[in-house]
Amino acid sequence: MNEEEKKDLEEKQLHNHKKVKTIFKIIGPIVIVAGLVFAIIGFADFISSASNFEQPTKFWCLFIGLPAMAFGGMFTLAGFRKEIMRYNMHETTPVFNEAGKQIQPGISAISNAVKNSDAPICPVCGSLNDKDSAFCKKCGAALSKTCPHCGASLDADANFCDKCGKKLSDEQKI
Ligand SMILES: [Zn+2]
Ligand SMILES: [Zn+2]
């Protein structure tokens, strides 16, 4: 088979595929309606014969009608799958974006909190200062100090050095 024939066959298959879909689109609803009619006949006969204390004679219609409706539904879904998917995509995308917009501030607030988790809190006024700042931006108090024994940098409100364990006297705090 050469390329031309291959292409031709592919095109034919695509065409057939489209044709099958079109058939599904037409047959699907017809089968649903036919199934519905059969189901109604069967059901109506069942009700009427039950109220007349007779054996239902068209009860089999229900057994044809219900599966026919199911098959018809499947055919219709298969035929309209592309349209349904397109509709769903169209419908869900803005909703998703909208949800994303609403989640976004929450996420940035959380990420900011995580980013600032090691931001120094002023020991005097308690305000949260930017990371790496040496003095409180609200009251000017020192946010960190150096251990007089080992030179480690410590939190301003530390009572003991966390490097050498020595007690820090009050006058050495600032
Ligand atoms: Zn302060
Ligand atoms: Zn120390």
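A search of the whole structure finds zero disulfides. The model is predicted.

Start with the overall layout. The protein has three helices and two strands. From the N terminus on, their order is α-α-α-β-β. Of its 174 residues, 18% count as buried.

Now look at helix α1, which spans residues 3-51. I23 is found in this helix. The limits explain the label: buried means under 20% and exposed means over 50%, with partly exposed in between. I23 also belongs to a nonpolar patch on the surface.

Move on to the metal sites. Which residues hold the zinc ion (ligand 1) as protein donors? They are C122, C125, C136 and C139, each through its SG atom. These donors lie 2.2 to 2.3 Å from the zinc ion. The angles among the four donor atoms run from 102 to 120 degrees, and the site is tetrahedral. A tetrahedral label requires all angles to lie between 85 and 135 degrees, so the site of ligand 1 qualifies. For comparison, the ideal angle for four tetrahedral donors is 109.5 degrees. In sequence, the donor residues of ligand 1 are spaced C-x2-C-x10-C-x2-C. Take C122 and C136 as a pair: they are 14 residues apart, and the pair links distant parts of the chain. Both sit in the loop between α3 (81-115) and β1 (144-146).

The zinc ion (ligand 2) comes next. C147, C150, C161 and C164 coordinate this ion through their SG atoms, at 2.2 to 2.3 Å. What geometry does the site of ligand 2 have? It is tetrahedral, with angles of 104 to 117 degrees among the four donor atoms. Along the chain, the donors of ligand 2 follow the spacing C-x2-C-x10-C-x2-C. Here C147 and C164 link distant parts of the chain, 17 residues apart. C147 lies in the loop between β1 and β2 (153-155), and C164 in the segment after β2. Their surroundings can be read from accessibility. C147 has 3% relative accessibility, so it counts as buried. C164 counts as partly exposed because its relative accessibility is 33%.

One further cysteine deserves a look. C61 has a relative accessible area of 3%, so it is buried.

Finish with the charged side chains. How many salt bridges does the structure hold? It holds one. D130 forms a salt bridge with K137, and their closest N and O atoms are 3.5 Å apart. The pair qualifies because the limit for such a contact is 4 Å. How covered are the two partners? D130 counts as partly exposed because its relative accessibility is 47%. K137 has a relative accessible area of 52%, so it is exposed.

Conventions: Residues are numbered from 1 along each chain as its sequence is written. Chains are lettered from A and ligands numbered from 1 in the order in which they are written. This is a predicted model: local features need pLDDT of at least 70, side-chain atom pairs count only at pLDDT 80 or more; totals for chains, interfaces and linings use all residues. Side-chain values use heavy atoms; hydrogens and water are left out. Patches are made of residues with over 30% relative accessible area and no salt bridge: like charges are joined within 9 Å, nonpolar side chains (Val, Leu, Ile, Met, Phe, Trp, Tyr) within 5 Å. Accessible areas come from the Shrake-Rupley method with a 1.4 Å probe; for residues, only the protein chains shown count as cover. Helices (H or I, at least four residues) and strands (E, at least two) are DSSP runs, numbered from the N terminus. Donors are N, O and S atoms within 2.8 Å of the metal (3.2 Å for Na, K and Ca); water is not among the atoms, so sites may look incomplete. Four donors count as tetrahedral if all angles lie between 85 and 135 degrees; four count as square planar and six as octahedral if opposite donors are over 155 degrees apart and all others between 65 and 115; anything else is irregular. A disulfide is a pair of cysteine sulfur atoms within 2.5 Å. Buried means under 20% relative accessible area, exposed over 50%, partly exposed in between (1.4 Å probe, protein chains only).
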